Amino acid sequence: MTSKCKSGTKVMAILLFSSAFLLACDNKSEPVQKTILATSDTSESSFTPVEITHKLGTTVITKRPVRVAALDMNEVDYLEQLDIPIIGMPKDFVPYYLQDYSNNNDIVDLGAIVQPNMERIYALKPDLVLMSSIQANHYQALSNLAPTIHLDIDYQDSNSDYFDIVKQHLLVLGKVFDKQALAKHKVDELESKLQNARKVIQDRPEKALVVLHNNGAFRFLGIRSRYGFIYSGLGVKPASLSEQMGLHGQPVSSEFILENNPDIIYVVDRTAVMERSPVLDKQSIDNPLLRETNAWKTGNIIFVDPEAWYITGAGITSLNIIIDDVLKGYVKEPLAVSR
C-alpha cells in the first residue's frame, strides 16, 4: 500500500512539473510576439515620406506601400527588378519575360493597358498605383484612390534624356521601397551597357531606319518618335532626318525606304504582337525595291524583339534587349557603296 502511494505521488509530481514547464513556455512566447510587433511598428514609424514630382503633378508617399497596382508593363518590369510583389496589372499584352505575373492567379487582371478596369482597381484598394502616359486620363481618379506615380516617358517623342528618365524612375522606386542599393546596382548595370554600346556605334558610318510593320504595310519611326532614343541616346545615325511625330509612326512605301537607302533596317513587327503570330522574316517582306537597299545587300535587315520594343520599351529588361538588337546591325562591315 505504501509502495502504491509513493508511486502515485511521483506520477502527480511529474504531471505538475510538466504543466508548470508548459505554462512557463507559454509565458515566454508572449514577450517574443510583442517584440516582433514592436519592431514592425518601429519600422513603419521610421519611414521618411518621399515626394515625387512628375509630369502630372506631385505625389507624396507617407508609408511603405504593400499593395501595389502597376498599369504599365514597364512598371511591372521595374518592380520585378526590385523584387517587389504586385496585387494587380493589365494582362491583355504581357511580354514573355513577365509571363510569370500573367500566369499568377493571385495577381488580379486589371483589364487593358490602354483602358484599365477602374472598378477592379478600386476593389483592390491599392496603396500605390504606377502608371504611364497611356493611362494619363485616369490620373486624377487614381490619385483620389491612392498615391499615384507617373512614368515620365514620352512614347510619341522620346529624346536624349530617355535613359536618364528610366534610371531616375528606378532610383525613386528604390527609395520608396527601401531598395536603394539594389536600384543603384541595376542602374549602374544599365549605364555600363549603354556606354559599351555607344563605343561600338560612335565611329561607325552606317545609317539606320526603324520601321513598324503592320498587316503588310510599313510605318516610319524617326528621330522624333517613340524610338528616337536609339538615335539621341545610343548614337545611331539616322537614314532620314524627318521629324514627323506619332505613336505608331507615319505610313511609308518601299520607295521611301529605298530613297533613304539605309545601311540598317530595324523592323518592329506590330502584327506579331497584336495577333500573337510568328515574327516576320526577310522572305516575307521581299520586294525588288527593298533588295536595292544597302541594308538588304549586307543582310542588315534586323527583325527586332517586338514584345520588348512595342509592348514595353522603357523597362530595364526591354532596354537590355533593345540595345542588343541595335548592336546586331553593327556586326558586319558596312557596304562600300556611294550614296
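Reader: How many nonpolar, polar and charged residues does the lining of the second largest pocket have?

Author: The lining of the second largest pocket divides into five nonpolar, five polar and one charged residue. Ala, Val, Leu, Ile, Met, Phe, Trp, Tyr, Cys and Pro count as nonpolar, Asp, Glu, Lys and Arg as charged, and the others, Gly among them, as polar. The model is predicted: local features need pLDDT of at least 70 and side-chain atom pairs 80 or more, while totals for chains, interfaces and linings use all residues. Residues are numbered from 1 along each chain as its sequence is written, and side-chain values use heavy atoms, without hydrogens and water.

Reader: Which residues line the second largest pocket, and which element gives the largest share?

Author: A pocket is an open set of points on a 1 Å grid where a 1.4 Å probe fits, with protein on both sides within 12 Å along at least five of seven lines; lining residues have an atom within 4 Å of a point. Here the lining consists of Ile52, Thr53, His54, Ile149, His150, Leu151, Asp152, Ile165, Gln168, His169 and Val172. Strand E1 (50-54), strand E7 (148-150) and helix H6 (162-176) each give two or more of the lining residues. H6 supplies the largest share, four residues. Helices (H or I, at least four residues) and strands (E, at least two) are DSSP runs, numbered from the N terminus.

Reader: Where does the largest pocket lie, and which residues are nearest its centre?

Author: Domain 1 (50-152) and domain 2 (204-329) both contribute to the lining of the largest pocket, so it lies between them. Of the 17 lining residues, Ile113, Val114, Ile134, Arg226 and Tyr310 are nearest the centre. Helix H10 (270-274) and helix H13 (306-312) are the elements that give two or more residues to this lining. By class, the largest pocket is lined by 10 nonpolar, three polar and four charged residues.

Reader: Is lysine 125 buried or exposed, and is asparagine 261 buried or exposed?

Author: Buried means under 20% relative accessible area, exposed over 50%, partly exposed in between (1.4 Å probe, protein chains only). Lysine 125 counts as exposed because its relative accessibility is 63%. Asparagine 261 has a relative accessible area of 15%, so it is buried. Asparagine 287, found in the loop between H10 and helix H11 (288-291), is likewise buried, at 19% relative accessible area.

Methods:
Domain bounds come from an automatic or database domain assignment.
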